[in-house]
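Visitor: I would like a short tour of this model. Please keep the answers brisk.

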Amino acid sequence: MIWRCDLLPQYEAYKDEIQEAITRVLESGRYVLAGEVAAFEKEFATYIGVDHGVSVANATDALTLSLMALDVGIGDEVITTPYTAIPTLSSIVATGATPVFVDVCEDTYLMDLDKVSDAITPNTKAIMPVHIFGNVLDVEKLKEIVGEIPIVEDASQAHGANIRGKQAGSMGDIGVFSFYPTKNLGAYGDGGIAVTNNKVLDEKLRLLRMYGMTDKDHIKINGVNSRLDEMQAAILRVKLTHLDDMNASRRTIAERYVNELPKHLFKHQRIDDDVVSNYHVFNSAFLGDREAFVKYMDDLNIQTNIYYLMPLHLQEATRYLGGKVGDFPVAESLCKQAMALTFYPELKDEVLDHVIEKVNQFSS
Ligand SMILES: Cc1ncc(COP(=O)(O)O)c(C=O)c1O
């Protein structure tokens, strides 16, 4: 079986360093919110080019707590896109706010900046753009459109991606990253972080992630329990030192797919010249019979994936928002065409050769 993403080769590649990190934590006797977490938060914030990082249990929590830190709640609206992973939506709903969708661009899959103004109302309390698949939205341009409305960048898929040298996650009020194992920077469990240059937001996020406690006997605000553990932090510190190499490898594989896949079957995500994508996944619009292609690949034991099968405004859970077919035509059509191929940084040349060869032999 050729998996769409195989996590074992990465463990094998950095095994000694990872084992050393795990042993260091086990022998430290400190397992929650101690030195490794503090060091990782500093190292990751420095990598992104911001002042602060507050690690939490996963990126869904990081998005939710970011909105809470911005006082988003019942009666407020948060703008995002309907073509993203479900947790982007979950975080908005968790605060009691109402999600408001803006369609994406057909070629970049990023929030269509020409449509944002129309979605803003007096209740708009935050904008949550998504750097989808590691392509980077021009957040500076978004700021010109939305003025003072706070921006929480969902950079869960965009570790190390940048636009004009500015890292995804560093341009808005808060940037959020996921460390789910398949992410470009992946833990061996769940993890997430919110990064910011704003000291007040940093302090609020720190309170929110631990019950709102100022010390063991006092709570200042109502918070939750959402912490990255020491073991994951130590592992992430190791992997962070290899992130640029792993992203470079992803770019090399993506380049081969772009150059060698049949042009009549694939329309690839457009990455503008001023953007360096981290190619979280290689997801394109498939122009042939997608069902037949998936079956063809399945029969060859080559796994494929679809990001995403359904746009968020047509999900059962969002029916209360009144979304209907035709509301966001670009997202809807991308969901009908999306197709992701085998993709991870350690993918061997001979496996990639085989996948490309088989795709080229498909006739629809
Ligand atoms: C765009 C996006 N946002 C948020 C998340 C949530 O990340 P986590 O699984 O760490 O909660 C993900 C992960 O799938 C994601 O892809």
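Visitor: Which residues of helix 9 are buried?
Guide: This is a predicted model. Helix 9 covers residues 230-240. A residue is buried here if 20 or more other C-beta atoms lie within 10 Å of its own. In helix 9 that holds for E230, Q232, A233, A234, I235, L236 and K239.

Visitor: In what order do the four strands of the open sheet run?
Guide: The pairing in this sheet is mixed. Neighbouring strands are turned by 20 degrees against each other on average, direction ignored. The order is 1-9-8-5.

Visitor: Why is one side of strand 1 and of strand 5 left without a neighbour in the sheet?
Guide: Strand 1 and strand 5 (152-154) stand at the edges of the sheet. One side of each is left without a neighbour because each has a single partner strand.

Visitor: What is the bridge partner of V152 in strand 8?
Guide: Strand 5 and strand 8 (residues 174-178) pair in the parallel sense. Three bridges join strand 5 to strand 8. In strand 8, V152 has as its bridge partner I174.

Visitor: At what angle does helix 8 run to strand 1?
Guide: Helix 8 spans residues 199-209. Helix 8 lies across strand 1, strand 8 and strand 9 (192-196). Its angle to strand 1 is about 15 degrees.

Visitor: What covers the buried residues of helix 8?
Guide: The buried set is L201, D202, K204, L205, R206, L208 and R209. After the helix comes Y211, with a positive phi near 60 degrees. The cover over the buried residues includes strand 1, helix 4, strand 8 and strand 9.

Visitor: Which residues come nearest to the ligand?
Guide: There are 15 residues around the ligand. Helix 4 (59-69) and helix 5 (86-94) are the elements that give two or more residues to this shell. By type, the shell divides into five nonpolar, eight polar and two charged residues. Those that come nearest are N58, A59, T60, A85 and S178.

Visitor: How many residues does helix 1 give to the side of domain 1 that touches domain 2?
Guide: The domain assignment gives domain 1 (8-240) and domain 2 (243-360). Between them, 33 residues of domain 1 are in contact with 27 residues of domain 2. Helix 1 (8-13), strand 3 (98-101), strand 6 (162-163) and helix 9 each supply at least two residues of the domain 1 side. The largest share comes from helix 1, with three residues.

Visitor: How do the residues on that side of domain 1 divide by type?
Guide: The side in question is the one that touches domain 2. The centres of domain 1 and domain 2, taken over C-alpha atoms, are 24 Å apart. The division is 17 nonpolar, 11 polar and five charged.

Visitor: Is V325 buried or exposed?
Guide: V325 sits in the loop between helix 11 (290-299) and helix 12 (329-337). Leaving out residues up to four places away in sequence, V325 touches L314 and E332. The count of other C-beta atoms within 10 Å of V325 is 10, so V325 is exposed.

How values were computed:
Residues are numbered from 1 along each chain as its sequence is written. This is a predicted model: local features need pLDDT of at least 70, side-chain atom pairs count only at pLDDT 80 or more; totals for chains, interfaces and linings use all residues. A residue is near a molecule or strand if its C-beta atom, placed from the backbone, lies within 6 Å of it. Ala, Val, Leu, Ile, Met, Phe, Trp, Tyr, Cys and Pro count as nonpolar, Asp, Glu, Lys and Arg as charged, and the others, Gly among them, as polar. A residue is buried if 20 or more other C-beta atoms lie within 10 Å of its own, exposed if 12 or fewer, and partly exposed in between; C-beta atoms are placed from the backbone. Two residues are in contact if their C-beta atoms, placed from the backbone, lie within 7 Å. Two strands pair if DSSP finds at least two bridges between them. Axes are lines fitted to C-alpha atoms, for helices over the stretch in contact, and angles run from 0 to 180 degrees between N-to-C directions. Domain bounds come from an automatic or database domain assignment.
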